[in-house]
Amino acid sequence: MLALPALALTLLLTGCGKPDAGSPSGSPTEGGKKSGYVIGMSQCNLGEPWRVEMNAQIRAAAAKHPQLKVVFKDAQNDTLKQRAHVEEFVSAKVDLIIISPKEAQPLTEPVARAMDAGIPVIVLDRRLLGDKYTCFIGADNRKIGRAAGDWIVQKLGGKGKVVELKGLMTSTPGQDRNAGFREAIKGTGIEVIFEADMKWLEPDARKEMESALARFSKIDCVYAHNDPGAHGAWLAAKQAGREKEMLFVGIDALPHEGVAYVQQGILDASFQYPTGGAEAIDIALKILAGEQVPKEVTLGSRVFDKESVGQGGRELK
Ligand code: FRU
């Protein structure tokens with residue numbers, strides 16, 4: 001009889017999400033002891049290479065542990081869809097949820113309900129409100145924003161006109177990358193002459209930059225909260241024949257995206273924002289084994305600019 005709920009669970013998960021390659025090793029319960037675990041991974045979107053990389057890291061790390069089966073769901077940048085995905089994982093009684101939430105406020109309640117149902121939740125990259133989750137994993141966005149600000153102050157000799165293209169401001173990385181940057185430029189001669197929420201999206205960044213270029217005849221630097229945003233701004237400036245007039249700074253530093261842009265001279269700096277995918281599986285294994293885990297795992301970051309890109313970047317202190 002014990003096998004029945006396990007079978008029902010497998011069918012339900014297979015029916016409503018894209019199952020990961022490979023199947024769980026045997027039934028989740030054997031002789032009263034669990035031998036296989038289902039992890040539900042709720043990804044807010046797969047539009048950016050950074051999120052594709054996060055899922056790939058999770059998939060690769062989980063593949064080393066045959067007792068794990070990861071079910072991936074992609075909310076396609078739709079908050080309501082992501083709420084529904086978390087609810088589906090709870091109904092399916094998965095053993096653990098990993099979530100990278102689109103926005104803080106609307107995803108807080110469904111995660112709290114998962115916790116109430118006894119399902120541990122690992123929150124990746126973007127935060128929720130409050131502390132009703134098991135573990136948060138992510139880099140320090142305020143510190144990265146501050147480092148970007150310090151870098152810009154230094155490169156511009158303490159004075160200049162900056163365009164800030166912000167990430168979705170209902171998500172915590174956008175808020176923190178803005179706050180850290182503003183702290184760093186406070187009291188300097190750096191002036192933000194134009195700011196807009198490009199929602200992490202390259203096409204939106206490009207459009208906003210077209211407006212900035214039309215309004216301002218002198219721009220010294222673009223600070224974008226992610227590399228797709230910085231690249232979108234560069235495309236707009238290039239189309240206007242003005243890309244050489246200013247610096248472009250982004251965040252993420254994926255090897256085949258931001259770092260490559262720095263190597264190609266498209267971006268002047270990119271600050272690494274690790275996805276935490278592999279760490280999420282490490283922490284998940286500990287939670288499933290009944291071990292204590294820290295409430296917060298902070299990942300490091302590196303800056304890639306002309307000087308450091310050849311040596312694999314420079315660590316942020
Ligand atoms: C991808 C992304 C990254 C960014 C992160 C912030 O969707 O926009 O570029 O660093 O999300 O949560």
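## Around the ligand

User: Which residues surround the ligand?
Analyst: This is a predicted model, where local features need pLDDT of at least 70, side-chain atom pairs count only at pLDDT 80 or more, and totals for chains, interfaces and linings use all residues. Residues are numbered from 1 along each chain as its sequence is written, and side-chain values use heavy atoms, leaving out hydrogens and water. Counting a residue as near if one of its heavy atoms lies within 4 Å, the ligand is surrounded by Asn45, Glu48, Trp50, Arg51, Asp125, Arg126, Pro173, Arg177, Trp200, Asn226, Asp252 and Tyr273.

User: How many charged residues does the shell around the ligand have?
Analyst: Let's sort the shell by class, with Asp, Glu, Lys and Arg as charged, Ala, Val, Leu, Ile, Met, Phe, Trp, Tyr, Cys and Pro as nonpolar, and the others, Gly among them, as polar. The shell has four nonpolar and two polar residues, and its charged residues number six.

User: How many Å lie between a polar side-chain atom of Asp252 and an oxygen atom of the ligand?
Analyst: A polar contact here is a pair of N or O atoms within 3.5 Å. For Asn226, a polar side-chain atom lies 3.0 Å from a ligand oxygen. For Asp252, the distance from a polar side-chain atom to an oxygen atom of the ligand is 2.5 Å.

User: Why does the ligand lie between domain 1 and domain 2?
Analyst: The domain bounds come from an automatic or database domain assignment. The ligand lies between the two because its shell takes residues from both domain 1 (6-133) and domain 2 (141-274 + 305-315).

Key. A polar contact is a pair of N or O atoms within 3.5 Å; within protein, one must be able to donate a hydrogen and the other to accept it, and residues adjacent in sequence count only if both atoms are side-chain atoms.
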